[in-house]
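Today I opened a new model and kept notes as I went. Come along and check each entry against the picture.

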Amino acid sequence: MVPARADCTVKRFFLYLAALFSIASFAAAGQNNSGNSSGNSSGNSATNSATNSGAWSGTLVSSSCNADEAFNESSECIKDVPGAKLALYDDTNRVMYGLEPQESVTAHLGDSVTVRGTLDGDTIRVASVEAMSIGLAVGQKAPAFSVRDQFGRVQTLDSLKGTKGAVLLFFRSADW
């Protein structure tokens, strides 16, 4: 026979276990139903069947191209292929999104854009398309900055500028 104290401990253990499973199932249900209204989608949002509003950035490529080809910037991805649709390739998470309606994106093949709309499965219902601007406009002066170089020395725009100006290139490695 089990002593009363041990029996109470066993019951308490199973009560805690049941509560833990209940909380975990509610948390999982909440995660699956939460929308991504903050903008760029994350990995599982592309497969979520719920509709989410937001903005997605990437390059418009031919749907005849796969994510690996788009990642490698294959010239085949920016060719007009009969029967193929345009898709948005998001290089931050290597996902291809279908786009509807196609009429709103056909003039932008090969362009880096931000698409606003709603995500339904892996298709974005396009509300608007904007060309992405990267860097400064021609003739625009770079803002003042200071940053440490690879040797720990502080560099500024003035310390880097030569007699003919300066070219600054910031590269985000895909391997980080």
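How much accessible surface does the protein have, and what share of it belongs to carbon and sulfur atoms? I found about 12,600 Å², with 56% belonging to carbon and sulfur atoms; the areas come from the Shrake-Rupley method with a 1.4 Å probe.

Before going on, I noted that this is a predicted model, where local features need pLDDT of at least 70, side-chain atom pairs count only at pLDDT 80 or more, and totals for chains, interfaces and linings use all residues. Residues are numbered from 1 along each chain as its sequence is written, and side-chain values use heavy atoms, leaving out hydrogens and water.

Next, I looked up burial. Of the 176 residues, 23% count as buried (under 20% relative accessible area, 1.4 Å probe, protein chains only).

Then I listed the elements. The protein has three helices and seven strands (DSSP runs: H or I of at least four residues for helices, E of at least two for strands). From the N terminus, I read them as α-β-α-β-β-β-β-β-β-α.

I also looked up contacts (heavy atoms within 4.5 Å). Among those between residues at least 6 apart in sequence, 52% join residues at least 24 apart.

Strands E4 (residues 112–120) and E5 (residues 123–131) run antiparallel and are joined by eight bridges; two strands pair if DSSP finds at least two bridges between them. I saw that Asp120 has Thr123 in E5 as its bridge partner. Two residues lie between the strands, and Gly121 takes a positive phi near 70° in this hairpin.

Key
Buried < 20%, exposed > 50% of the residue type's maximum accessible area, 1.4 Å probe, protein only.
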